Amino acid sequence: MTAAFDITNDQQVWGAFDEVRDYLFDQFQDVPFDPETGLSFKELEQVVETYLHDNPDQPRVLQKANVYRIVVTRGQICLDPVDWFVDKLNHGSLVSKVRDEWHREAQAGPIREGAAWFRHVSQFGVVRGGLDMGHISPGWENMFSGGLTGLIEQAQENRQRPGMEATGAQHAFYEAVETVYRSTILLAERFADLAEKMATACPEHEIRLRTIATVCRRVPAYSPRTFHEALQFAWFMHEMIEMEGERVRSMGHFDRTLYPYYRADIDAGRLTRGQAKELIKFFWFKYYSRTRGGENGKNFLFGGQYADGTPVHNDLTYLALEAYEELNTPDPKLSVRFCPDTPDTLYRRVAELIRDGHNSFVLMNDVPSVEAMVKRGKTIEDARTYLPIGCYEPAVDGKEAGCTMNLVVNLVKGLEFALHDGIDPLSGQRIGLNTGDPRQFPDFEHLFEAYTTQMDALLERSVEYVRAHERQWPQINPSPLIAGAIDDCLDRGKDIGQGGAHYNAVGCVGVGLANACDSLLAIKHSVFDEKRFTMNEVLDAIRCDFVGYEVMRQYLLNRTPKWGNNDPDADTLARRIVDYYCHKVHTFTNARGGPVQAALFSLNYQWTMGKATGALPDGRKSGEGLAPGAGPMSGQDRNGVTAMMESVTKLDFTETPNGTVLDVTLHPTAIQGDEGLDAFVSI
């Protein structure tokens with residue numbers, strides 16, 4: 001074992017971030033890989049092709065593991081002497097390209113019917129679905145606890161444990177886990193060798209380079225001992241997992257997982273608080289440089305609870321928020337979990353940042369989030385340690401393969417189909433069921449029944465095709481690099497795609513709640529209750545996008561109740577729609593034996609699905625965006641933020657375990673000064 005390299009007193013290596021920031025922003029553009037460190041990309045590609053050609057009958061999990069081995073042990077590498085973290089491997093996405101080819105084979109074969117149907121309906125804004133290979137968080141604490149060497153030992157022990165009669169598939173899985181982890185350790189050693197070589201050639205950077213070499217000799221092979229080692233471990237595995245073909249959608253519970261390493265460094269005098277903050281800046285700037293602000297933002301979690309219910313907040317929480325404020329970048333994205341015991345200081349600090357324009361934040365309410373997860377079978381201790389996967393979706397850290405975006409469903413399409421007897425009005429194609437001529441419906445309940453019948457058919461068919469996709473997951477995307485770090489995969493000898501994880505979930509995201517509610521309510525009030533318009537008149541108006549019906553449109557827009565204004569009729573109907581939707585979704589089981597879980601948010605689907613949705617009885621014109629998240633339609637929250645929250649909190653969020661989002665927009669003048677900040681915190 002090597003000792004931790006003490007850099008505290010070497011002041012010349014500190015304070016350089018601002019000087020090299022612009023340079024680091026371009027660090028992933030035209031990387032100058034050292035030709036002496038490995039094969040060129042073309043040579044590497046040929047070796048991979050030869051290997052696959054010579055081993056056609058090998059299990060897919062071993063094929064992928066060995067392609068990974070070839071790439072990480074023989075590909076060219078590069079490290080920058082002004083950076084604190086290493087990462088650059090000339091892999092050319094070879095591993096994920098193999099995965100993509102397997103996916104195409106499956107789409108042309110076993111999942112052909114479902115894949116074709118999803119492609120067909122997605123262009124009409126109905127459903128987006130398939131195999132979600134990009135919403136899984138690796139088990140960060142499992143990796144940190146014993147390093148990759150510890151996970152290799154666990155794989156060996158499980159394969160050889162008394163009474164274990166491993167199948168061929170289990171043997172292949174264990175061998176694949178060992179292969180990818182040994183290869184990853186070798187890659188870190190290669191970076192250490194390169195850093196030591198460069199330390200001689202670049203004496204002005206010798207201290208940093210020798211520190212990097214020491215860190216890479218330690219992690220990811222073994223558990224980190226210092227804050228720097230923990231950050232390097234996390235970044236290194238992020239890059240390797242994404243290179244393997246998955247998207248790392250959560251970087252873990254920052255101030256819970258990393259605090260012990262930070263505290264140990266501060267107490268031992270290895271780092272000052274300012275030096276730790278500089279390491280965070282270098283670390284987080286990697287993500288921004290990688291995406292150049294073009295993606296959703298890498299998710300880091302703060303606040304919340306420990307497994308015993310104790311609130312998480314410490315000096316690292318506030319130090320990281322300082323670093324985030326000074327970086328002033330849209331990536332990473334910070335999620336902050338609030339619970340009843342969260343101190344007001346954290347509320348106020350986050351509110352100050354948002355008010356000042358540092359607003360790549362997601363704020364999460366622990367009370368319903370934890371209860372929702374317990375309702376779906378998690379223990380209370382596991383639920384308290386949840387992470388937001390991707391953007392908002394809760395999953396248990398290190399125990400859950402929570403594929404949170406398998407399905408995205410347009411909640412208003414069921415109404416479009418009900419109003420057109422199963423026909424999609426913009427395309428003219430029959431996608432829904434025959435539920436009858438709506439002009440013959442005698443009352444609102446018949447319309448609502450037609451709506452739920454259409455939605456039932458969409459959800460049932462969609463989930464069945466997702467199951468078909470999941471059954472092919474082991475052939476499409478074996479994932480030993482992630483699976484070895486998720487609880488129960490090693491015990492069971494099963495990959496995540498085989499249901500090896502302790503918890504296995506599928507997400508179903510509902511989009512356009514407000515449009516469904518407002519449109520149904522507009523018909524209820526104007527056609528059935530007030531009899532101001534006939535059903536035929538409303539149908540004619542939406543078929544011609546309200547051309548010639550502007551008076552009607554203005555009435556529907558402005559004189560019928562709208563969700564998000566604390567209106568009892570709208571609130572009751574929205575709750576009814578959500579209760580129906582969540583109950584239906586929760587009747588399904590996925591192909592890995594876990595639940596299908598409901599969510600209400602929109603991402604960019606409010607625009608993409610809205611573009612393919614016709615005019616609606618709520619007064620919305622054809623092709624316009626749908627409502628964001630679980631909130632009101634844009635421009636329809638007319639009674640203020642308090643009324644909006646009064647409406648939204650009438651929904652039962654313990655029934656949306658896959659996440660629900662409310663977007664709140666406040667005018668800057670409403671939160672000026674101390675009184676404004678107090679109001680913001682109370683909201």
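Biologist: What is the relative accessible area of R471?
Modeller: R471 has 49%, so this residue is partly exposed. Buried means under 20% relative accessible area, exposed over 50%, and partly exposed in between, using a 1.4 Å probe and protein chains only. This is a predicted model, where local features need pLDDT of at least 70 and side-chain atom pairs pLDDT 80 or more, while totals for chains, interfaces and linings use all residues. Residues are numbered from 1 along each chain as its sequence is written, and side-chain values use heavy atoms, leaving out hydrogens and water.

Biologist: Thanks! Which residue forms a salt bridge with R471?
Modeller: That's E464, with the closest N and O atoms 3.4 Å apart. A salt bridge here is a side-chain nitrogen of Lys or Arg within 4 Å of a carboxyl oxygen of Asp or Glu.

Biologist: And E464, what's its relative accessibility?
Modeller: E464 has 35%, so it counts as partly exposed.

Biologist: How many salt bridges does the structure hold?
Modeller: There are 54. One of them joins the side chains of E178 and R159, at 2.6 Å from N to O.

Biologist: Where do E178 and R159 lie?
Modeller: E178 is in helix α7 (residues 168-201) and R159 in helix α6 (residues 140-160), so the pair ties together parts 19 residues apart in sequence. Helices are DSSP runs of H or I with at least four residues, numbered from the N terminus.

Biologist: Is E178 buried or exposed?
Modeller: E178 counts as buried, at 9% relative accessibility, while R159 counts as partly exposed at 22%.

Biologist: New topic: which residues are linked in a network of salt bridges?
Modeller: R273, K277, K281, D315, E322 and E326.

Note on methods
Helix = DSSP H or I, 4+ residues; strand = E, 2+ residues; numbered from the N terminus.
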